[in-house]
Amino acid sequence: MQDNQNIEERKMQNRKRRELLIGASALAGASLLSPIARAQSAKLRVGLMLPYTGTYAQLGAAIENGFRLALDQSGGKFGGREVEFFKVDDESEPSKATDNANRLITRDKVDVLVGSVHSGVAIGMLKVAKESGTLMLIPNAGADAATGALCTPNVFRTSFSNWQPVHPLGKVMVDRGHKKAVFITWKYAAGEESLASFKEGYAAAGATVVKELFVPFPNVEFQALLTEIAAIKPDAVACFFAGGGAVKFVKDYAAAGLKDKVPLYGSGFLTEGVLSAQGDAAEGLVTTLHYADSLDNPRNKAFRAAYGKAYKTEPDVYSMQGYDTGLLLAQALGKVKGDIGNQKAVIAAMEGALIDSPRGQWKMSKAHNPIQDIYLRRVEKGDNKVIGVAWKALEDPARGCRM
Ligand code: PHB
């Protein structure tokens, strides 16, 4: 309540400040530097709301690294403005998302909210961003509603919708002769929406999900369900897991003796940023995703080299998404000369942006989600190798989005 009031007050203050600035600049000549130019020379306040602890901790760090790399490469400034960061560990905890986002907006007065990884957290943030009119960029969370039923002009996603990466996977598996699959995942939006999308594509290819298995997020006690899979003897298993949970799942799957008996597939998050921890257990896994380490384009090669040099570690899909979030801000703020308060122009610039990404060039859909290629990948010698394009220029259906 208090926070809502603060948001209302802040909206009003911002409006007044803009009117004053515009009014003052109309008087002209009073100062060599106009008030708008002065406002633009202040630091840009960026709120990073990401998981820095828990099963997605590594994903949050990779996103921040990628974002900072894009900032460094644009001379440490977006639209001519230096950046001040305000960081919150969201713990991948949806129940804390509203308070955390409100704090960044009302206390830290951020110009833009960047977050998060977890779908439930991102939806909490989005509601606050929508209500307060704060610009928000989603560098990972796939919650379909963010660019579907809850779509809003001031929210953009630079990653994917949960519907996207697994949409082509069903056909891939049918082409490989697997017509009866078990789907296993965490019981929360990202898992449930991945399952729904997979089922759609798998059914369209004439195949059936024979069993749906769930683990509460972020638990990693898989043993009982692996025993159940062994008893069912499906043609294959498909899944959504990521981060620390994906390491444990892939290792447990192999340790249970299933790897050579029942082929495992998934959205490519399963093998992103975790290959060295998974070791041999991940070799040969086939997945679909909007990125792969070995993508053969100059942009990806330069990105991987620069990231490796800056952070002494290999980038992954999360690093790339953080990087693209920085590229989008750099491009849009460049267009408006740093005037992020001119939200109409910032939104128009983001809607028209062409992002020259390591994943390949992409543009925003009408619902503010990337239209992008989905690659078929296989783990080879500890690398996510591209073995094909599973779907060219895939656009999320944006169900329920009216904008
Ligand atoms: C999500 O919660 O939306 C999510 C989390 C981790 C991923 C992908 C999606 O790797």
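Please keep in mind that the model is predicted.

**Who surrounds the ligand**

- There are 16 residues around the ligand, and V117, S119, G142, Y188 and Y318 come nearest.
- Sorted by class, this shell has eleven nonpolar and five polar residues, with no charged residues.
- Two domains supply the shell: domain 2 (44–160 + 296–368) and domain 3 (164–289) each give at least three residues.

- Start with Y188, where an N or O atom in the side chain is 2.5 Å from an oxygen atom of the ligand.
- Next comes S119, with an N or O atom in the side chain placed 2.6 Å from an oxygen atom of the ligand.
- At V117 the backbone takes part instead, as one of its polar atoms is 3.4 Å from an oxygen atom of the ligand.

**The cavity itself**

- The volume of the largest cavity is about 100 Å³.
- Its lining is made of 16 residues, and those nearest the centre of the cavity are V117, N140, F160, Y188 and F240.
- The lining has eleven nonpolar residues, five polar residues and no charged residues.

**Where the cavity lies**

- The largest cavity lies between domain 2 (44–160 + 296–368) and domain 3 (164–289), because both domains give residues to its lining.
- Two residues make handy landmarks here: V117 and Y188 are among the residues nearest the ligand, and V117 and Y188 are also among those nearest the centre of the largest cavity.

Methods: Residues are numbered from 1 along each chain as its sequence is written. This is a predicted model: local features need pLDDT of at least 70, side-chain atom pairs count only at pLDDT 80 or more; totals for chains, interfaces and linings use all residues. Side-chain values use heavy atoms; hydrogens and water are left out. A residue is near a molecule or strand if one of its heavy atoms lies within 4 Å of it. A polar contact is a pair of N or O atoms within 3.5 Å; within protein, one must be able to donate a hydrogen and the other to accept it, and residues adjacent in sequence count only if both atoms are side-chain atoms. Ala, Val, Leu, Ile, Met, Phe, Trp, Tyr, Cys and Pro count as nonpolar, Asp, Glu, Lys and Arg as charged, and the others, Gly among them, as polar. Domain bounds come from an automatic or database domain assignment. On a 1 Å grid over the protein atoms alone, a cavity is a set of points where a 1.4 Å probe fits but cannot get out, and a pocket is an open set with protein on both sides within 12 Å along at least five of seven lines; lining residues have an atom within 4 Å of a point. Grid points are joined across faces, edges and corners, and a volume is the space filled by probe spheres set on the points.
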